[in-house]
Each structure stands twice: as structure tokens, then as C-alpha cells.
Amino acid sequence: MSRIAILGAGAWGTALTISLARRGGHELVLWSHSESLAETMTETGRNVTYLPNAMVPADVQITADLPGAIFEADILLCVPPSQHMRGIVSHIAPLLTRNQILISASKGIEDGSFLRMSQVMASVTNNPIGVLSGPSFAQEVATGQPTAIVAAASDGVLAQLIQQEFTSPSLRVYTNDDVSGVELGGALKNVIALAAGVVVGLDLGSNSAAALITRGIAEITRLSVACGGRRQTLAGLSGVGDLVLTCTGGLSRNRTVGVELGKGRKLNAILAELNGKVAEGIRSTTAALGLAARYGVDMPITEQVDAILNHDKDPKDAIRELMTRPGRDE
């Protein structure tokens with residue numbers, strides 16, 4: 001039996017905890033940065049803030065004590081918002097033993113450094129590191145809807161270990177050694193989902209949505225390959241799969257933010273209604289452009305999303321500029 005500590009009690013961390021508990025065979029502890037949330041979840045079994053319609057099994061330990069959560073854990077599943085990853089891993093790094101495995105299930109790029117989450121982890125610890133990514137809405141994973149995701153690690157044995165520990169009748173886990181491609185697919189699709197939401201908010205129709213998603217995967221692939229990822233990875237679950245889900249699914253927070261932007265609402269007002277939930281694409285847009293500049297990669301959709309988010313550009317003007325760019329081969 002493995003002891004798994006899930007660090008982050010947002011919707012995704014809670015859903016993965018429920019999935020692991022349903023699978024069985026693990027001792028589970030879920031850490032929340034909020035003591036009040038940890039107490040409420042312990043008393044009621046519900047994460048009323050982030051995943052109110054799902055029950056956390058009673059045998060899951062829930063705590064706000066971070067050192068206690070990681071003590072003697074075999075696997076540390078890290079699921080904080082991406083901009084908190086460095087702080088959390090830096091805090092626990094002195095407490096880790098050599099064989100404890102760290103897994104990132106957060107999809108984002110760090111501000112300033114433009115590092116992927118596994119790179120952030122590797123910058124502060126020498127422990128084995130893996131990644132979980134792929135098309136997966138937390139609510140559906142929590143209720144046991146069939147879902148397929150990817151376990152990525154440069155060490156094939158580690159990827160297979162993660163696969164074995166997380167696979168269940170409702171969660172199918174594939175392995176991949178292209179960590180860069182898997183992580184960038186998961187982070188960059190959130191940016192394209194914001195644009196896809198804008199298309200919906202502007203009521204531009206299905207043709208526009210299909211074009212946006214298709215050109216979006218081309219844009220994601222260009223940057224991922226420039227960063228060392230493989231093109232075929234972006235054609236798989238962590239690329240096309242995650243992009244299609246996030247651009248079309250009604251449960252996507254990034255798409256929802258884009259829809260509201262397309263309707264003409266201001267970003268601050270939209271974010272206030274998320275009640276603390278994170279739309280990772282908002283921060284990842286700026287980081288993606290920084291990474292693109294570093295590698296000389298053209299990302300026109302991302303540029304227009306950045307202009308809408310950070311420079312108050314009218315979404316109609318952004319779409320118009322995308323449509324009137326000079327012609328080129330596909």
C-alpha cells in the first residue's frame with residue numbers, strides 16, 4: 001500500500017483524491033492551505049468551495065498541516081495553482097527523503113522564469129519528478145466518468161509506476177517520456193481556450209470555432225517543438241485531447257472567462273465571480289509569449305489573447321486582425 005499526499009484541495013486535487021480513494025489500495029492524505037476548508041471537509045466530506053457536488057470518502061485524512069501531510073508519503077501529488085508551485089515545493093524540499101516521488105498535476109507556466117511545473121520542482125529538489133496531464137474535468141473525474149490522461153516522466157520506470165498507482169476502472173493512464181510536450185500542451189491549451197470562449201461570446205459560429213481550435217493546436221505545437229517536445233505528443237491526449245475538451249466543454253473555466261470577455265465584460269468583474277477559482281490561461285498567456293520570444297516562435301492567437309487580457313483590446317478587433325493576417329501555407 002502506497003501513502004499518497006495530495007497537496008492542493010482545489011477542484012482537481014479533490015477530484016484526484018476521490019478517484020484514488022475509489023480505486024483503493026492507498027493511504028491518502030489531502031492537504032489544504034486553508035485551515036477552515038480542511039476543517040469543513042473533515043466534518044462534512046464536501047469541498048463546498050471548489051467541488052461542492054462530490055463526497056470525499058471518510059478514510060481520507062484531510063489536513064492543513066503541510067509537514068504532517070508529507071511525512072512518510074511515498075508520492076506527493078502537487079496540485080496547487082501554478083504560481084504557488086515554487087513556494088510549496090521550496091517549503092517542503094528540506095523535509096523530503098530521497099525516494100519520495102513528486103508529481104505535478106498543475107497546468108501552467110511560471111511567471112518570469114517561463115519554466116514548466118516539473119522544471120520549477122527540479123530547480124528546488126533532486127527528487128524523482130513526474131507529470132499528470134490530459135483532458136480531464138475535475139467534476140467528471142470525481143463522479144467516475146471514464147477519463148484518459150497521461151503520466152509523463154523522462155524515466156520510463158517512473159512513468160509506469162505512476163500509471164500503476166493511478167489507473168482505475170474509470171481512469172485510464174497512458175505513459176509518455178516527452179515531459180516538455182505533455183506539460184506545454186496542458187498549459188498552452190488554456191490560452192487557446194480563452195480565445196475559443198471569445199468566439200462563443202461574440203456568437204461567431206461553429207466555423208470560427210473550428211478554425212480557432214485547429215490553428216490553436218498548430219500554434220501550441222510550434223512552441224512545444226521549439227522547446228524540445230515531440231509533434232506526435234501534441235497530437236495525443238495532452239495536446240489535441242486537452243485542447244478540444246477545454247475549448248468546447250461547458251465546465252472549462254478558461255473558456256467561460258473567454259465567453260464573458262467576448263460579451264464585452266471586463267476581466268476584473270469576471271474573475272470576481274470565480275470565487276477564488278483559477279483560470280490558468282490568464283497568467284499563462286504572458287508566460288507563453290515570453291517563451292515564444294525566447295525561441296522566435298510566431299503565436300498570433302496568443303498575442304491577441306494577451307492584447308484582450310492586458311491591453312483592453314476589443315475582442316472584435318482581435319478577431320478581425322487574426323482574419324486579415326497575410327495569407328500563408330497551412
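**Helix packing and sheet pairing**

Tutor: In this predicted model, helix 14 (residues 281–295) packs against helix 15 (residues 300–310) with an angle of about 130 degrees and axes 9 Å apart.

Student: Why are helix 14 and helix 15 called oblique to each other?

Tutor: Roughly perpendicular covers 65 to 115 degrees, and roughly antiparallel requires over 145. The angle is about 130 degrees, and helix 14 and helix 15 are therefore oblique. Helix 14 passes helix 15 in a left-handed crossing.

Student: Which residues make the contact between helix 14 and helix 15?

Tutor: Contact requires heavy atoms within 4.5 Å. Helix 14 contributes Ile 282, Thr 285, Thr 286, Ala 288 and Leu 289, which meet Thr 302, Glu 303, Val 305, Asp 306, Leu 309 and Asn 310 of helix 15. By class, five residues in this contact are nonpolar, four are polar and two are charged.

Student: What makes strand 5 and strand 10 the edge strands?

Tutor: The open sheet has eight strands in the order 5-2-1-6-7-8-9-10, with mixed pairing. Strand 5 (61–63) and strand 10 (171–176) each pair on one side only. Neighbouring strands in this sheet are turned by 25 degrees against each other on average, direction ignored.

Note on methods: Residues are numbered from 1 along each chain as its sequence is written. This is a predicted model: local features need pLDDT of at least 70, side-chain atom pairs count only at pLDDT 80 or more; totals for chains, interfaces and linings use all residues. Side-chain values use heavy atoms; hydrogens and water are left out. Two strands pair if DSSP finds at least two bridges between them. Helices (H or I, at least four residues) and strands (E, at least two) are DSSP runs, numbered from the N terminus. Axes are lines fitted to C-alpha atoms, for helices over the stretch in contact, and angles run from 0 to 180 degrees between N-to-C directions. Angles under 35 degrees count as roughly parallel, over 145 as roughly antiparallel, 65 to 115 as roughly perpendicular and the rest as oblique. A crossing is left-handed if the near helix is turned anticlockwise from the far one by less than a right angle, and right-handed if clockwise. Ala, Val, Leu, Ile, Met, Phe, Trp, Tyr, Cys and Pro count as nonpolar, Asp, Glu, Lys and Arg as charged, and the others, Gly among them, as polar.
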